[in-house]
Structures are given as structure tokens and as C-alpha cells.
Amino acid sequence: MVEVRFPNGDKKEFEQGVLLLDVAKSISEGLARNVLGAVVNEEIKGLQEPVMEDADVRFVKFDDDEGKQIFWHSSSHLMAAAIEKLYPGVKFAIGPSTDSGFYYDIDSDHVFTPEDLEKIEAKMKDIVGQGLELERVEIPRNEALDLFKDREDIYKVEIISELPEDELITLYKLGDFVDLCRGPHLLDVKKIKAVKLLSIAGAYWRGDEKNKMLQRIYGVSFEKQKDLKKYVNMIEEAKKRDHRKLGKELDLFSIKEEGPGFPFFYPKGMIIKNELEDFWKGLHIREGYGEIKTPLILNEDLWHRSGHWDHYQENMYFTQIDEEDYAIKPMNCPGSMLVYKSKPHSYRELPIKLAELGFVHRHELSGALHGLFRVRAFTQDDAHIFMLPSQIKDEVKDVMRLADEIYSVFGFKYRVEISTKPEDSMGSQEDWDRATEALEEAVEELGLDYKINEGDGAFYGPKIDIQLEDSMGRPWQCGTIQLDFQMPERFELTYIDENNEKQRPVMLHRALYGSIERFMGILIEHYAGNFPVWLAPVQATLIPVNMDLHFDQVREIEKRLVAEGIRVELDSREEKMGRKIRDSQIMKVPYQLVFGDKELEEGTVSVRRHGEKKTSEMSIDEFIAQIKREIKDKEQN
Ligand code: ZN
């Protein structure tokens, strides 16, 4: 017999080898119909798999990450079955699920086109309609080898050859389509009701450019047609909001072939960047941080000492000065350590919080570069907090409160994850336990939900990751709070305690925007370029109704607004008023201010808010008071 334990604490006994399907049925038929698989002792399994030992079992649905994994993995096999029917003789390499769907790498003389994808989709529907089950079979390794050799499935043969000789090989059969696969899979493919094949790309076998280039077909699938529709709409909306496209249209930044991964910021982009930085600086001064600036280039010894030389070299750029080796900093920490070390500290001074908007360079492969999302040089909103072990919890709480304050200004929701001790780590178990507990308590005392990522911490300490959710529901990993036991050791940081003895401080690294450049990219897409007034590069366009009659007076009003700290642009082109209003709206300027005879006579302005049809009349003083309040409060649109 085996004992199965459920998340609610219930336990049940079953015959050894009981199928997960039957375990589900023992709870209810409805549950068995609705779940896609289960997590059994932390391993994801399909319902057609047996339980061989005492186990914690948690059934999963499509809404669970594990459920999606099973669903998309099966969809990939379904796609392969369809491809084999349509294009016999095609050779299959690997077909996994990803975070956002699935793909299969295939080797074929036929060059796949978008029209083929439609045909394959239709065939997949056909197969789903046949109501087949994904049957799991285990056979000895040699039999499996023979089977795939007969079919000249060279990629599968290569994979099997690398498995241990005595291992049983798992195959999944879908009708007459047999595939080598460890699973897990859906029990039946009927659940795959909505499929969209998205694109075709080249991919080397095993990611090695010395190997043959295969064709990779990407797809995504859902249980319901309406979820697919929602997804397709989201993709289209995301395309419209692409920050590279908007960055160009709104004249914010560009990336030129002279510097791949090194963005150029234009005046309007710099306004946004500076606003983000000024906002950040104000908050950090209030929170008692000291701002520092450490050099971009520091000598090789420092990077040996910090461990970057051994662990991070591939991502670093190097240079020589006076025939000595130097590195361009990929992180700000070592510089910050040197600032802390430059004088002795007493326990009374702690915590010491050093903040730095540090410009770092990191080498990324050219293929991985993507607008502002993945660059080779960026500004980290870094800070290092040096503290007593007893201060960890309160400091983490303060950082979390600050993060909350920043994210809510942009209307981001967020999720918190705590990552614990990995297998290969440094520092005593006691240190880890205390630090991890402090992180958990800090988050709990703030009343936040969190997820634990067991064993996912950095080797130097546990951490909190904060994942933002943008206006389209997409997740972005931005904030991170990482405790570090290693760096204070390596740099021999000390403070003098109340008994006049030297002690090691605890240190944490933290960033809230993450990278300001990337955060800007996220904001551009989050707002679709419609920045709230405080961030908008131009806050109001001034439009004289008649250039000959009104220009001079509007010029005077422009000066007044500028003196009030409002970013305005006077449209002095010889164009019609309607055209000027439209162009200002295309540039997503929050306010269009129109001045004609009546307004100039009465000292008023006709105000149109971007995205609204109606206009309202108010005195210029009223407008100034209104927009200044909006800027000061960082109001959302
Ligand atoms: Zn750091």
C-alpha cells in the first residue's frame, strides 16, 4: 500500500501502482474530469502515471503553471502527430512546453510556410476529434533503439543512446503516432480545444551552431476558444504597444547599428528617465539613504576579490590603462564595499544605506538583445544596506514599503517570491535559517502573500523577488532584495560592537526599478505611450487659432507656463488648428490648449484632454493650478 497526502491535510491509502486518475476519481468524478495532472512529491505527472511510493499529491488545472506545462507539452505532441500525417518522413527532434506555449524542432526538406501552419492546425483539430488517449508505454532501451532506428529517427536515436543501458524508455502513443518522451502528458487530447500555431524559426539541433539547422514551429493552446481569442487580442495589443515602435514614434530613444545593445536617449526620453531618477532620489533621501557614485572602471584585483572574475567574467568588458588590466563594472557592489570600508564604523551607525544609480555594462549575446528590455549598458537603481543581524527584518520591511510606494504610483500590482538556500551555498545553516525567517516575517508582517521558491536563492544568501503585473497582465521581474553573507567576508567588512570588538555586518543588495532603461520600456508598453502628466515629455501643446493674430500673445503665455515648471510646446507651424490638435494627440501629449480671440481677451484657455472629445474653458491660473497639482500628486491618467 502507499499513502497519499493531499494539500488540505487529508490522507488516503491505495494499492501500490494506483494510477493518478484513480486517485482523482476517489475524490470525485468531477475532479478527475477537470484536472490535467498532478504534482507528486514535487514532480509533475500525468493522470496515466502510477503512484509507486508514499507521496504528497496536488492535482493541477490549466490555471496552475504545472497544468499549463502538461497541457502545452501534450499540444506539442499533438502537433507532431499532425505534421507526421501531412508530411510523412519528417524527423522530430525535441518538442517541449515553454512559459508561453510550446514548440517542436523538426528536420524536413519541406520548408514550412504560414499556410502550412493553418493546414497543421486543421489536422490537429481532426485528431482531437477522434477522441484518442495519450497512452504511456515503457519498453527496454534496446527495443526503443531498434524502433527508432527502423524509422531512421536519428535525433531520437541520439537521445536514447545517451541514456543508461538498463533504463526503461517511456513512449507516448497517440493513435499510430509514437514519440519518445518522458512526459508528463494529458490523458486525452480532447481537452485541447483551441490551438494557434504562431511562427516558424530556425534552431540548431541542441542549440549548437555546428549542428544542422532545424525548423522550429511555435504554438499555443487553450482549453477554451475564448481564452485563445483573449490571447490573440493581447498579442495584437502588445504589438501596437511595442516600446521600440513607440520609442521611435514618440522620439524617445533609439538603438543604432553603431552600438548594438547601447541605447541613445533623445531629449524627450531623457525627460522620462530623469523624472524616474528624481522621484527615486527624493524617496531615498527621505528614507535615510546616502547617495554615492562609484567609478565605471576599476582594476582587475578588485574583481578577483569580489568573485566576479571567477563567476561573471563572460559577461564583463575589459580594458587596459597604463598596461594594467581593468574591468568595466557589471555591478555596483564592489564599489559600494570600498565606500563602506573607507572608514571604521560603530554599531551605533548601522544600518548604513548607500544608494547608487550605477551605470553598468554586461555582455549579452547579440541574438538576445531586445530594445530596452535587454541591453548591454543600463542604470541600476542599486543600494546596499549594511546592518546588524538583528536589523534584517526591519530593514527588509522598509525596503518592501518603499517598493510598494513606488509601484503603486505606476498602478502596478505585484507578486512576492522568497527564494531559499540552494544546494551549493556559502554561510552556515544557522545564518541561512535566521535570514530566511527574517525575510518571511517581514513579508508576513506587511500582510503580503508570497510564494516560496525552495532552493532558488543565490549562493550567497536568500532573496525576495518582486514581480510586477502590467496593464496587459504580463509579468515583469523588477524588484529584488538579496541578503549576502559572502561579500562582507570577501571584503572583510567590520563594525565595532558594544564590547569594542570587531564584527561582520550583514549586507543586502536591492534594486526596485531593476534597470531604469528596462523599466522605461515596461512603462512605455504599460501606458501604451500615454504617460501620466508628471512623466509626459511634453505636458501641454499650445495652439494659437490664428498664427497672425494670436501667436505673440500665446508666446507670452508659453513663457509663463515654463516659469511655472510646466513642459509645454508652442505649435508655431503654419497649419490649421484641427491638424495641430490631431498631431499633438498623435504624440500623446496630455493637454491641448487652444487660444483664440475670446480666450486671449478673457485670459482663459480652451483645454482638451488627450483621448477626450469635450473641451473645457478655464482661466489660465486655474489650468496652472490643476496641472501642477496633477504633477505633484503623480496622478494616473
Ligand atoms: Zn549589489
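In the predicted model, helix H9 meets helix H13 through two sets of side chains: Phe 279, Leu 283, His 284 and Arg 286 belong to H9, and Leu 402, Glu 405, Ile 406 and Val 409 belong to H13. H9 spans residues 267–286 and H13 spans residues 392–409; their axes come within 12 Å and cross at roughly 155 degrees. The two helices are therefore roughly antiparallel, since an angle over 145 degrees is counted in this way. The crossing of H9 and H13 is right-handed.

On the side of H5, the contact is made by Arg 141, Ala 144, Leu 145, Phe 148 and Lys 149. On the side of H6, Lys 156, Val 157, Ile 160 and Ser 161 take part. Several residues of H6 are buried, namely Tyr 155, Lys 156, Val 157 and Ile 160. These buried residues pack against H5 and against a series of strands: E8 (91–92), E10 (101–107), E12 (168–174), E13 (177–180) and E15 (213–222).

Another helix, H4 (residues 114–129), contains Asp 116. With a relative accessible area of 5%, Asp 116 is buried. Apart from its neighbours within four places in sequence, Asp 116 is in contact with Tyr 87, His 110 and Val 111.

Attention now turns to the strands. An open sheet is built from five strands in the order E2-E1-E7-E4-E5, and its pairing is mixed. Strand E2 (11–14) and strand E5 (43–46) form the edges, each pairing on one side only. From one strand to the next, the twist averages 35 degrees. Within this sheet, strand E1 (residues 2–5) and strand E7 (residues 55–60) run parallel and are joined by two bridges. Val 4 has Ala 55 of E7 as its bridge partner. Helix H1 (residues 20–27) packs on the sheet, where it touches E1, E2, strand E4 (37–40), E5 and E7. The direction of H1 makes about 75 degrees with that of E7.

Tyr 317 has Ile 328 of E21 as its bridge partner. Two residues lie between the strands of this hairpin, and Asp 322 takes a positive phi near 50 degrees.

The model also contains a zinc ion, which is coordinated by Cys 333 through SG, His 384 through NE2 and His 509 through ND1. The coordinating distances are 2.0 to 2.2 Å. Along the chain, the donors follow the spacing C-x50-H-x124-H. The two histidines link distant parts of the chain: His 384 lies in strand E23 (residues 377–387) and His 509 in strand E30 (residues 506–515), 125 residues apart. Both His 384 and His 509 are buried.

Key:
Residues are numbered from 1 along each chain as its sequence is written. This is a predicted model: local features need pLDDT of at least 70, side-chain atom pairs count only at pLDDT 80 or more; totals for chains, interfaces and linings use all residues. Side-chain values use heavy atoms; hydrogens and water are left out. Donors are N, O and S atoms within 2.8 Å of the metal (3.2 Å for Na, K and Ca); water is not among the atoms, so sites may look incomplete. Helices (H or I, at least four residues) and strands (E, at least two) are DSSP runs, numbered from the N terminus. Buried means under 20% relative accessible area, exposed over 50%, partly exposed in between (1.4 Å probe, protein chains only). Two strands pair if DSSP finds at least two bridges between them. Contact means heavy atoms within 4.5 Å. Axes are lines fitted to C-alpha atoms, for helices over the stretch in contact, and angles run from 0 to 180 degrees between N-to-C directions. Angles under 35 degrees count as roughly parallel, over 145 as roughly antiparallel, 65 to 115 as roughly perpendicular and the rest as oblique. A crossing is left-handed if the near helix is turned anticlockwise from the far one by less than a right angle, and right-handed if clockwise.
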